[in-house]
Amino acid sequence: MSLSAIEMDNVSFFYNNHPVLMNVSLRVEEQDFLAIMGPNGSGKTTLLKIILGILNPARGSIRIFGKTPLEAAGMIGYVPQDTWLNKDFPVSVQDVALMGRLGRPGRDRRYTSDDRLLAAKVLQQVGMWDYRDRPIGKLSGGQRQRVLIARALTVEPKILLLDEPTSSVDAQFQTDLHSLLKELNDSITIVIVSHDVSVLSGYINSVACLNRTLYHHDSGELTEEMLNAAYQCPVDLIAHGQVPHRVLRKHDHENIDER
Amino acid sequence: MGEQGMIEAFQSEFMRNALLAGLLAGVACGIIGTLVVVNRIVFIAGGIAHAAYGGIGLAIFFGIPPLAGAVGFALMVSGIMSAVTLTNKQRADTVVGVLWAVGMALGIIMIDLTSGYNVDLMSYLFGSILAVPRSDILMMALVDFGVLAIVGTLYNSFLAMSFDEEFASAMGVRIGMLYYVLLAMIALSVIMLIRIVGLVLVIALLTIPPFIAEKFCRSLKAMMAVSVLLNFLFTVTGLWFSYTFNLTSGATIIMIAAAFFFASVAYEKIREHVGGG
């Protein structure tokens, strides 16, 4: 029997008695590439933090390959949103990448040469090896984002979660990131969260829309109902086949014009 | 007073004790001060320091050693503060402020209630490094040893938590536990510093060295080491000045630290200017 990578069952989460997530159920199979779309404040980041075990849901259950999020610590690589506060923090790019190794047994032992080799390989993958000794505060937003992606990859995760990963990177890296993710998807499960439909690409095989509750479709298609439910007004409708293509839906006001 | 006078000064028993106490406090405070500064919990450290006064008052009232009372009470307060901070971040600020004031008030009232007790309160408020007994020096050495052992073994976890608490938590680092250990170490360091500079001035000595070090260091380890060295420098220079000009030692140490602090800010401004021009 093969276990689902992520299995959420009727999960609800409240923040100061205010519902953020209501009865969210979600099943992500191994090697899926899921995009969760939703407007700002729809609970996307909260959903990721519940999967990671950073937040505990008020109701419902969550399993990562059959384990609780706490037991699964170190199986998931997490790329948080780039909202940086402490720019003076004294840490180098290389040391940040190494933090991904904290999930290994004996976390506080010295990093081994294998850990360092892995961090070096991953920093090269994201094009940040030349900056390895740079303090993290001396990087641009896009460079910092790459380092955070590198940190998630040194986890050697079975699941990779990305929260708005393309918000501050340039167009070139966006393309690079998409092909990197496609390559990684051969062996790991990927969940990407965004309010921006441009993250949808041909590599995604499943889309869900979130706005407090989740509208999920098993195929890589975003249906009109899902979008209508999640966003107040219908936006771009994207479809995927062998060749990715984008169908632009008419907006409400255009419909009104036609009448 | 020339070099001769300085050597003479450090030859007297009380000066040697003072110097030793200053150096020992510098080790723990350089390391813990660094964690306080990068975690942005200076206010919590201040709260623990002032609440500890409640412990001193209680100890005097019940006739136990004031230092023991301060340690016990500060550990309890730091436990409450870490629990509140972890469960309700928005309210933590207020709770810390309340504990800060209540601890202080409790201390004053307990001493009022102790009939005939006429302790030199000034020595707790502004320190009495020149009157540090041998037993305190032993305790300081133990605290140093404990802090070095704990931060040494849990360094990776402390670094990860300070840098990005959520990522660390997702990696399985037990944030709640680690945070409590950090606050308990702050409590112990702060009480050492009460001896040296008094509780009013604790915050300055805990935060100024790491603040200066942060500008020049690229790793947390380096920042800790530089802070310890700066602590040594401030204590030795401060003691010498206070002896030479007959000034209160705690306040003199702080003024030396403040002078370096402003010099470092000025240096940075000039460097930015030159670099930018």
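In this predicted model, strand E7 (residues 189–194) of chain A is mostly covered, for five of its six residues are buried. Strand E3 (residues 33–37) of chain A pairs with E7(A) in the parallel sense, over five bridges. Within this pairing, Phe33(A) stands opposite Ile190(A) of E7(A). E7(A) also pairs with E6(A), again in the parallel sense and over five bridges. Here Leu162(A) has Ile192(A) in E7(A) as its bridge partner.

Tyr78(A) has its bridge partner in E6(A), namely Leu161(A). Which residues of E5(A) point one way, and which the other? In strand E5 (residues 76–79) of chain A, Ile76(A) and Tyr78(A) point one way, whereas Gly77(A) and Val79(A) point the other way. A general rule describes such a pattern: in a regular strand, side chains alternate between the two faces of the sheet. All four of these residues in E5(A) are buried.

These strands belong to a chain that has eleven strands and seven helices. Of the 259 residues in chain A, 42% are buried. Among the contacts in chain A with a separation of 6 or more, 64% join residues 24 or more positions apart.

Val11(A) is placed in strand E1 (residues 6–15) of chain A. Is Val11(A) buried or exposed? Val11(A) has 22 C-beta neighbours inside 10 Å, and therefore counts as buried; the cut-off for a buried residue is 20 or more. Leaving aside neighbours within four places in sequence, Val11(A) is in contact with Leu21(A), Val24(A), Ile50(A), Pro57(A), Arg59(A), Gly60(A) and Ile62(A). Asn23(A) lies twelve residues from Val11(A) along the chain, and their C-alpha atoms are separated by 4.8 Å.

Chain A can also be divided into domains. Its domain assignment gives domain 1 (1–75 + 159–172 + 189–259) and domain 2 (84–156). Seven residues from domain 1 of chain A and eight residues from domain 2 of chain A take part in the contact between them. On the side of domain 1 of chain A that touches domain 2 of chain A, four residues are nonpolar, two are polar and one is charged.

The two chains also touch each other. Chain B gives 23 residues to the contact and chain A gives 20 residues. On the side of chain B that touches chain A, the elements that give two or more residues are helix H8 (155–163), helix H9 (165–170) and helix H12 (220–245) of chain B. This side of chain B has 14 nonpolar, six polar and three charged residues.

Apart from residues up to four places away in sequence, Ile48(B) touches Ala74(B), Val77(B), Ser78(B), Met81(B), Ile186(B), Ala187(B) and Val190(B).

Because Val42(B) has 16 C-beta neighbours inside 10 Å, it counts as partly exposed. Beyond residues up to four places away in sequence, Val42(B) touches Val36(B), Val37(B), Ile203(B) and Thr207(B). Val42(B) and Ala204(B) are 162 residues apart in sequence, yet their C-alpha atoms are 9.8 Å apart in space.

The buried residues in H5(B) are Ala92(B), Val96(B), Leu99(B), Trp100(B), Gly103(B), Gly107(B) and Met110(B). An α-helix has 3.6 residues a turn, so residues three or four places apart point the same way. The buried residues of H5(B) pack against helix H3 (42–62) and helix H4 (66–87) of chain B.

Key: Residues are numbered from 1 along each chain as its sequence is written. Chains are lettered from A and ligands numbered from 1 in the order in which they are written. This is a predicted model: local features need pLDDT of at least 70, side-chain atom pairs count only at pLDDT 80 or more; totals for chains, interfaces and linings use all residues. Domain bounds come from an automatic or database domain assignment. Two residues are in contact if their C-beta atoms, placed from the backbone, lie within 7 Å. Ala, Val, Leu, Ile, Met, Phe, Trp, Tyr, Cys and Pro count as nonpolar, Asp, Glu, Lys and Arg as charged, and the others, Gly among them, as polar. A residue is buried if 20 or more other C-beta atoms lie within 10 Å of its own, exposed if 12 or fewer, and partly exposed in between; C-beta atoms are placed from the backbone. Helices (H or I, at least four residues) and strands (E, at least two) are DSSP runs, numbered from the N terminus. Two strands pair if DSSP finds at least two bridges between them.
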